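Take a look at the sequence and the model below. Keep the 3D view open while you read, and find each part as it comes up.

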Amino acid sequence: MTALSEQSTLALAREVIAIEAQAVAAMAQRLDAEFLRATGLLLACRGRVVVCGIGKSGHIARKIAATLASTGTPALFVHAAEAAHGDLGMITAQDVFIGMSYSGEGSELVAIVPLVKREGTPTIAISGNPGSTLARHADVHLDCSVEKEACPLNLAPTSSTTAMLALGDALAVACLDARGFGPADFARSHPGGNLGRRLLTRVRDVMRTGQAVPQVDLQASVMDAVHEISRKQMGMTAVVASDGQLAGIFTDGDLRKLLEHVGDIRNLPLAQVINPRPMTIGPDALAAEAAHQLDAGHRNQLLVVESGKLLGALHMQDLLAAKVI
């Protein structure tokens with residue numbers, strides 16, 4: 001690719017993004033009472049939100065159904081052509097039907113809307129033509145019209161599908177907010193992958209316990225602590241008082257400072273050199289919160305404590321192994 005063609009390619013790409021951004025911004029200014037009516041229908045739905053389309057609009061419809069379902073509004077996608085061949089049986093009067101077609105005249109979609117209406121199912125049309133057959137048959141019409149497509153030929157669905165997608169996302173987020181849908185609800189819809197791990201994994205799920213936790217008595221010597229650090233390989237040891245309460249922490253960093261400033265540490269009481277205020281976290285905290293705490297404190301280890309008692313220990317490597325970070 002020549003320098004000139006590279007410049008023209010980048011210029012075209014930037015123009016496409018600018019045109020699509022302008023189309024979405026213009027649509028945002030047109031939102032009115034119809035959007036509120038559509039949101040009301042979705043919130044009142046006692047069945048499923050059925051999102052239907054074909055072609056490029058069908059691809060957008062599938063994504064919107066997935067977004068609704070994952071944010072507290074049960075939804076499914078039905079292909080307009082398949083609906084005419086039996087899949088209409090999925091739609092009941094308890095549902096809400098969203099038909100998506102930029103022209104509003106897609107024959108496969110327009111053909112099934114009267115049948116959906118006959119069932120008593122509330123219908124929402126998303127199209128770029130308020131006077132279209134789809135818009136006229138629907139209970140609510142949402143206008144996603146754009147001034148022009150980003151395609152240089154003004155033919156390929158580009159700006160129009162972007163606007164349609166943004167409008168669907170706006171509906172999903174409006175419903176999410178109205179339902180008070182929070183992180184815990186989101187976690188139940190996303191148990192797999194990074195989102196699920198970050199939202200569901202607790203410290204107790206990944207912390208080290210029992211013999212894997214480096215710990216010594218408050219009456220121990222520095223050398224006892226050094227041996228425990230070497231055995232458990234966490235770069236530190238917890239220091240516990242006789243009543244089981246956490247007294248502090250001693251790290252390999254503390255050891256280096258002692259060697260530099262004291263020299264002979266063989267007979268040095270550990271109680272004199274521990275950090276009595278170690279970084280701690282509770283067992284029911286999110287593992288992602290532990291990761292944030294470690295990052296903020298520039299540490300690798302964290303003691304897990306409840307009611308002052310040592311329950312476990314957590315290393316940054318444990319969070320990495322659990323794929324929380």
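Predicted model: local features only at pLDDT ≥ 70, side-chain atom pairs only at ≥ 80, totals over all residues.

Residues are numbered from 1 along each chain as its sequence is written, and side-chain values use heavy atoms, with hydrogens and water left out.

**Cysteines**

How many disulfides does the structure hold? It has zero, where a disulfide is a pair of cysteine sulfur atoms within 2.5 Å.

| Cysteine | Nearest cysteine sulfur | Distance |
|---|---|---|
| Cys144 | Cys52 | 15 Å |
| Cys175 | Cys45 | 9.7 Å |

Cys144 counts as buried because its relative accessible area is 0%. Cys175 is also at 0%, so buried is the word for Cys175 too. The cut-offs are these: buried means under 20% relative accessible area, exposed over 50%, and partly exposed in between, using a 1.4 Å probe and protein chains only.

**Helix 2 and helix 7**

Now find helix 2 (residues 33–44) and helix 7 (residues 159–179), whose axes come within 10 Å and cross at roughly 55°. That angle is why helix 2 is called oblique to helix 7. Angles under 35 degrees count as roughly parallel, over 145 as roughly antiparallel, 65 to 115 as roughly perpendicular and the rest as oblique. The axes themselves are lines fitted to C-alpha atoms, for helices over the stretch in contact, and angles run from 0 to 180 degrees between N-to-C directions. Helices (H or I, at least four residues) and strands (E, at least two) are DSSP runs, numbered from the N terminus.

Which residues meet here? On the helix 2 side, they include Phe35, Ala38 and Leu42, and on the helix 7 side Leu167, Leu171 and Cys175 are among them. The contact residues split into ten nonpolar, one polar and one charged. Nonpolar covers Ala, Val, Leu, Ile, Met, Phe, Trp, Tyr, Cys and Pro; charged covers Asp, Glu, Lys and Arg; the others, Gly among them, are polar.

In helix 12 (residues 252–261), the buried residues are Gly253, Asp254, Leu255 and Leu258. Their cover includes helix 11 (222–232) and strand 8 (246–251). Just past helix 12, Gly263 has a positive phi of about 90°.

Terms used:
Contact = heavy atoms within 4.5 Å.
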